[in-house]
Amino acid sequence: MTRPGGIWQNWGRSERARPLRVERPASVEAVQRSVEAAKRNGMTLKAVGAGHSFSGIAVAPGVLLELDDLTGLIDVDRERGRVRMYAGTRLHQIPKLLAPYGLAMQNLGDIDRQSISGAISTGTHGTGARFGGIATQIVGATLVTGSGDLLTVDEANNADLLPAIAPGLGALGVLVDVTVQCVPAFVLHAVERPEPLDEVLASLEDRVSGADHFEFYWFPHTDVGLTKTNTRLPADAPRHPLPRMGRWIDEELLSNGVYRMVCATGTVVPSIVPSFSRLAVKLTGNREYTDASTGVFTQNRDVRFREMEYALPAENVRPAFEAMRALIDARGWRISFPVEVRFAASDDLWLSTAYGRESGYIAVHRYWREDPAEYFESVEQIMLDHGGRPHWGKMHTLDASILRERYPRFDDFLAVRDRLDPERRFQNPYLERVLGG
């Protein structure tokens, strides 16, 4: 299906575009035809998922491809626990698709609205020092290259390209299917506690290494860290999920409904923010439960925000966090959104933010109606001083000249791009900035 382009906006309202036309292919062959038509007409083309990136990575000024009709399973290798699925499949759809086979994804981020291809392409990750991001779970993929050809990448075909296509930033082609290495279904025992922030920081290394999954949140203007520790258990372990009403109060009424009103009010009356933050850490983040992995990893986020996130060498997380904390106090900013700190294992994917090093992530946010520039740019400098690499799907200001210094395989990736998309069919302003022209 093809229609004239209207205004496209991402979820965080940080990016918008008016594509020349919008196409919604219902088959792999239709994707090929779209790429071939764009080539004939000298147009650029971008595939767009859920629009949950905060950077301009998915902006499509030419042809916008919606892959919402390319969803679901293609085949399942029960013996090896591998599942091939269409690239437009949303993360929140995957648990039901995998359930009949007793499988699950090894790790997830805390939001599941994205498409699987978008999550792979931008380097979406969860937390856990022994677990990589979603892209590390990809063992195969099929993409349409800039010429309209189908390219299969897996252990038997073009295996040398696998570290390039995941994450590939959407710069190498249109992903039409991916093969995910799954694990047997499991449950998580979650312990969420408010604790003195200084104690959390002092014991951070032990907490990270001693848990399957550890993260913490910090509301600026407080001295409390909201910790979350998840322990993996077999699928048949006893489950003690949160009571339905209690979960609704915590995650919908307080974390979305009341919080939305406070954020909106805080844009007009910033002085209320510190008091609310101190109240928030008293009312939330104190519970214990055991449930299916996806029900623990992910949460519903309805309050619109903008985000910047940097990956750091794990040993640099604490000093960078301390510097950021001191900066917020010194500037007197009123920040209503919490800072999030997570961790991931080292990997060998060329443009992964965890390439070649055990990594920690510091994410900062602002309510979408507030200007994040001063806060984000000041924090960004601290992250850069501590060896940071920006999340590809989050806001940042870096360009190719800086990013090349931070990724040892940067030029190898560009060589693959020259091979698969020599005419820059999948170029957009963001990719031109971060990869070069």
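Reader: How exposed is Arg80, and what is its relative accessible area?

Author: Exposure is judged by relative accessible area, computed with a 1.4 Å probe on protein chains only: under 20% is buried, over 50% is exposed, and the range in between is partly exposed. Arg80 has a relative accessible area of 46% and is therefore partly exposed. The model is a predicted one, in which local features need pLDDT of at least 70 and side-chain atom pairs count only at pLDDT 80 or more, while totals for chains, interfaces and linings use all residues. Residues are numbered from 1 along each chain as its sequence is written, and side-chain values use heavy atoms, with hydrogens and water left out.

Reader: Which side chain meets that of Arg80 in a salt bridge?

Author: Side chains of opposite charge can pair when their charged atoms come close. The criterion here is a side-chain nitrogen of Lys or Arg within 4 Å of a carboxyl oxygen of Asp or Glu. Arg80 meets Asp77 in this way, at 3.1 Å from N to O. Asp77 has a relative accessibility of 26%, so it too falls in the partly exposed class.

Reader: How many salt bridges does the structure hold?

Author: There are 30 salt bridges in the structure. One of them joins the side chains of Arg82 and Glu155, with an N to O distance of 3.1 Å. This pair links distant parts of the chain, 73 residues apart: Arg82 belongs to strand 8 (residues 82–86), and Glu155 to the loop between strand 11 (150–153) and helix 4 (162–165). Such elements are DSSP runs numbered from the N terminus, with helices (H or I) of at least four residues and strands (E) of at least two. Arg82 is buried at 14% relative accessible area, whereas Glu155 counts as exposed at 53%.

Reader: With which residue does Arg342 form a salt bridge?

Author: The partner of Arg342 is Glu309, the closest N and O atoms being 3.1 Å apart. Arg342 lies in strand 19 (residues 339–344) and Glu309 in strand 18, so that the link spans distant parts of the chain, 33 residues apart. Arg342 is buried at 5% relative accessible area, and Glu309 is buried at 1%. Both take part in a network of salt bridges that also includes Glu307, Glu340 and Lys394.

Reader: To which strand is strand 18 joined by 9 bridges?

Author: In a regular strand the side chains alternate between the two faces of the sheet. Two strands are taken as paired if DSSP finds at least two bridges between them. Strand 18 is joined by 9 bridges to strand 20 (residues 359–367), and the two run antiparallel; Met308 stands opposite Val364 of strand 20. Strand 18 also runs antiparallel to strand 21 (residues 389–390), with 2 bridges between them, and Tyr310 has Pro390 as its bridge partner there.

Reader: How many aromatic pairs does the count come to?

Author: A pair of aromatic rings is described by the distance of the centres and the angle of the planes. Rings of Phe, Tyr and Trp (its six-membered ring) pair if their centres lie within 6.5 Å, and planes under 30 degrees apart are stacked, over 60 edge-to-face and the rest tilted. The count is 11 aromatic pairs. Phe186 and Phe297 are edge-to-face, because their centres are 6.3 Å apart and their planes stand at 75 degrees. Phe186 is in strand 14 (residues 186–196) and Phe297 in helix 9 (residues 293–297), so the pair ties together parts 111 residues apart in sequence. Phe186 is buried at 8%, as is Phe297 at 6%.

Reader: Which residues do ring pairs link into a cluster?

Author: The cluster consists of Trp11, Phe54, Phe305 and Phe337.

Reader: How many residues line the largest pocket?

Author: Rolling a probe the size of a water molecule over the atoms shows where empty space is left. On a 1 Å grid over the protein atoms alone, a pocket is an open set of points where a 1.4 Å probe fits, with protein on both sides within 12 Å along at least five of seven lines; lining residues have an atom within 4 Å of a point. The largest pocket is lined by 31 residues, and those nearest its centre are Phe219, Ser255, Thr284, Gln299 and Pro338. Helix 7 gives the largest share of this lining, 7 residues.
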